[in-house]
Amino acid sequence: MPIPYRDADDLNELGAAGYLKIEPSSAGSGYLGALFLINARGEPIEFTYNRIETPHTFLWRQADIRRHAERKLTASLLMVCPRTPRILLCLAEEVGSELFCQDIQLSIPVCRIAPAMRATAFSGQETQEATEAFEPMHLFWFPGRPQHDSIERRLLHELTSRGLLVEPFDRAAIGLKEVYQTKDATAI
């Protein structure tokens, strides 16, 4: 006969957090991207990835190439990801404010994260917030910061208290490296 129990750490109702990782490809012109979903415990739920080649041409400004790549890559990841996270987190050094303030509109809160000691450009459309996690961080929310009693805010609090505000970006980078080094090596 099973022993009745209740999981004291039942966080399933908080849903998933999405981590958008965009980085230049080491193989040449282009960018790699991943949308990594985890639950409030930090357990992986989904890993969606893609890459985009960028043109080598004098007709494009470098900033426009990056913005174009961010928009196309993000749209492709959002289109194929089978689950919708409660919040989407991204690094401000990788994703400009234009991506979600002007180019792509989401129905969930988006948060760009930057270390407090680093100067970071942000849009007047974003709501700025500071957090005292393991390392002080600036959070730039669009379209606005989740309410204090919301599920999204509880999810962010759980992630922060478990040291998961920025760590999943490292796992996403490792996943991209593993996927594309393996694929590129087999193509040779």
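## Exercises on a predicted model

A search of the whole structure, which is a predicted model, finds 4 aromatic pairs.

**Exercise 1. Classify the ring pair of Y19 and F169, and say what the pair ties together.**

Step 1. Take the distance and the angle. A pair of aromatic rings is described by the distance of the centres and the angle of the planes. For Y19 and F169 the centres are 5.0 Å apart and the planes stand at 80 degrees.

Step 2. Apply the cut-off. Planes over 60 degrees apart count as edge-to-face. The Y19 and F169 pair is therefore edge-to-face.

Step 3. Place the residues. Y19 lies in strand β1 (residues 16-24) and F169 in helix α4 (residues 167-187), so the pair ties together parts 150 residues apart in sequence.

Step 4. Check burial. Y19 is buried, with a relative accessible area of 0%. F169 is buried too, at 2%.

**Exercise 2. Find how many disulfides the structure has, and examine C90.**

Step 1. A disulfide is a covalent bond between the sulfur atoms of two cysteines. The search of the whole structure finds 0 disulfides.

Step 2. For C90, the nearest cysteine sulfur is that of C111, 7.5 Å away. The cut-off for a disulfide is 2.5 Å, so C90 is in no disulfide.

Step 3. C90 counts as buried, at 0% relative accessibility. C81 also counts as buried, at 11%.

**Exercise 3. Work out which side of helix α1 is buried.**

Step 1. Helix α1 (residues 62-80) has 19 residues. From its first C-alpha to its last, α1 reaches 27 Å, close to the 27 Å expected.

Step 2. List the buried residues of α1: I65, A69, E70, L73, T74, S76 and L77.

Step 3. These residues cover an arc of only 160 degrees around the axis, so they lie on the same side of α1. An α-helix has 3.6 residues a turn, so residues three or four places apart point the same way.

Step 4. Look across. A63 and M79 are exposed on the other side of α1.

Step 5. Find the partners. The buried residues of α1 pack against β1, β2 (31-39), β3 and α2 (98-103).

Conventions
Residues are numbered from 1 along each chain as its sequence is written. This is a predicted model: local features need pLDDT of at least 70, side-chain atom pairs count only at pLDDT 80 or more; totals for chains, interfaces and linings use all residues. Side-chain values use heavy atoms; hydrogens and water are left out. Rings of Phe, Tyr and Trp (its six-membered ring) pair if their centres lie within 6.5 Å; planes under 30 degrees apart count as stacked, over 60 as edge-to-face and the rest as tilted. Helices (H or I, at least four residues) and strands (E, at least two) are DSSP runs, numbered from the N terminus. Buried means under 20% relative accessible area, exposed over 50%, partly exposed in between (1.4 Å probe, protein chains only). The expected span of a helix is 1.5 Å times one less than its number of residues. The arc is that of the directions from the helix axis to the C-beta atoms. Contact means heavy atoms within 4.5 Å.
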